[in-house]
2 protein chains.
Amino acid sequence: MEYVETLKKNGYRITKQRSEILNALATYPLSVHELFKILQQKSVKIDLASIYRSLETFERLGLVASSDLGEGKKRYELLHTKHHHHLICTSCGGIEDIDCADIETAIQKIYKNTQFKVERHTLEFFGQCHLCQQL
Amino acid sequence: MEYVETLKKNGYRITKQRSEILNALATYPLSVHELFKILQQKSVKIDLASIYRSLETFERLGLVASSDLGEGKKRYELLHTKHHHHLICTSCGGIEDIDCADIETAIQKIYKNTQFKVERHTLEFFGQCHLCQQL
DNA sequence: ATCCCTGCAAAGCCTTTGCATGCGC
DNA sequence: GCGCATGCAAAGGCTTTGCAGGGAT
């Protein structure tokens with residue numbers, strides 16, 4: 001329930017909808033539509049727009065991280081664990097977490113530890129280029 | 001012009017539009033709309049749908065790679081170089097290439113070599129999970 | 001009571017699809 | 001001439017935005 005403090009401290013309100021979103025994210029990285037369906041099944045009245053707006057707020061506060069897995073939409077997950085990456089099965093779409101470690105050796109270790117056979121990977125660095133640091 | 005052979009060998013045709021797409025991609029990773037604008041300026045008559053269809057074909061043939069840089073759209077680049085990754089400046093949006101190497105040491109080397117200050121990175125592995133390999 | 005948050009509706013992008021015409025082979 | 005590729009138009013999926021009412025503080 002630490003997220004309650006983070007929200008309040010920054011002047012945001014705790015609502016039924018926001019609590020349910022964070023609850024639903026507790027187990028697995030979800031897309032917006034998956035979140036929507038889960039909340040509907042729990043009879044939580046919510047709109048897609050509210051989910052988008054809440055997730056944007058959560059991400060800005062560092063409560064949630066979004067990742068783009070090339071599905072044409074983002075997935076969101078709770079940031080309760082340390083920085084890590086994902087193994088996405090191209091057959092079943094399942095997602096597993098892995099630690100952030102060396103790449104080349106990582107791929108070998110991944111297979112050894114999880115039997116997940118890596119076929120391709122993407123790695124993107126975001127930051128400030130040399131010129132932009134001087135502005 | 002090796003792409004001509006690849007296309008022909010697989011039963012695809014060389015058209016003005018396809019040549020121009022591949023030409024335009026030669027220098028920099030482009031989004032579909034950037035491609036569209038460039039071709040329009042060169043007075044090449046082409047439709048967005050044709051660009052999407054061509055890029056899908058090129059990607060399937062391994063001529064082109066797409067990457068999702070969290071912009072809500074894909075970028076496409078020519079696969080004439082070896083496997084590499086990107087440095088995306090969060091200020092100017094500029095994209096630089098880097099070799100595929102260790103991550104932790106990579107970030108230090110990146111700064112040393114390019115003065116690019118990495119703030120965050122995403123790493124995604126795609127492949128077959130243990131269960132799906134047995135189907 | 002204030003002001004944020006929500007639902008509803010509409011619209012904005014990016015992308016895909018159907019269909020008839022056109023062009024490479 | 002055959003059949004893929006194209007342009008045009010329409011539609012689909014994901015996401016954003018405007019606005020008035022409702023709820024958290």
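1. A polar contact is a pair of N or O atoms within 3.5 Å; within protein, one of the two must be able to donate a hydrogen and the other to accept it, and residues adjacent in sequence count only if both atoms are side-chain atoms. By this rule, 22 residue pairs are in polar contact across the interface of chain A and chain B, both residues being at pLDDT 80 or more. The model is a predicted one, and the values below should be read accordingly.

2. How many salt bridges does the rule find across the interface of chain A and chain B? The count there is zero. The side of chain A that touches chain B is made up of 19 nonpolar, 15 polar and eight charged residues.

3. The size of an interface is often expressed as the accessible area lost when the parts come together. For chain A and chain B this buried area is about 4,200 Å², with 56% of it on carbon and sulfur atoms. On the side of chain A, A:Glu124, A:Phe125 and A:Phe126 supply 22% of the area buried against chain B, more than any other three residues. The contact involves 42 residues from chain A and 42 residues from chain B.

4. Which elements of chain A build this side? Strand E1 (64-68), strand E3 (84-89), strand E4 (95-99), helix H5 (104-114) and strand E5 (117-128) each supply at least two residues of the side of chain A that touches chain B. The largest share, twelve residues, is that of E5(A).

5. Within chain A, the domain assignment gives domain 1 (2-78) and domain 2 (84-133). The C-alpha centres of domain 1 of chain A and domain 2 of chain A are 24 Å apart. Six residues of domain 1 of chain A are in contact with seven residues of domain 2 of chain A.

6. Between domain 1 of chain A and domain 2 of chain A, about 470 Å² is buried, and carbon and sulfur atoms give 61% of that area. In domain 1 of chain A, the residues that lose the most area to domain 2 of chain A are A:Tyr28, A:Leu69 and A:Glu77, together 74% of what that side buries. Three residue pairs are in polar contact across this interface, both residues at pLDDT 80 or more, while the number of salt bridges between the two domains is zero. The side of domain 1 of chain A that touches domain 2 of chain A comprises three nonpolar, one polar and two charged residues.

7. DNA strand D is surrounded by 23 residues, and the closest are A:Arg13, A:Tyr52, B:Arg13, B:Lys45 and B:Ser50. By class, the surface near DNA strand D has seven nonpolar, six polar and ten charged residues. Of the atoms of DNA strand D within 4 Å of the protein, 60% belong to sugar or phosphate and the rest to bases.

8. The side chain of A:Arg53 has an N or O atom 3.2 Å from a base oxygen of DNA strand D.

9. Elements giving two or more residues to the surface near DNA strand D are helix H3 (32-41) and helix H4 (48-61) of chain A, together with helix H2 (16-25) and helix H4 (48-61) of chain B. H4(B) provides the largest share of that surface, four residues.

Methods:
Residues numbered from 1 in each chain as written. Chains lettered and ligands numbered in written order. Predicted model: local features only at pLDDT ≥ 70, side-chain atom pairs only at ≥ 80, totals over all residues. Heavy atoms only, no water. Domains from an automatic or database assignment. Contact = heavy atoms within 4.5 Å. Buried area = accessible area lost by both parts, 1.4 Å probe. Salt bridge = Lys/Arg side-chain N within 4 Å of Asp/Glu carboxyl O. Nonpolar A, V, L, I, M, F, W, Y, C, P; charged D, E, K, R; others polar. Near = heavy atom within 4 Å.
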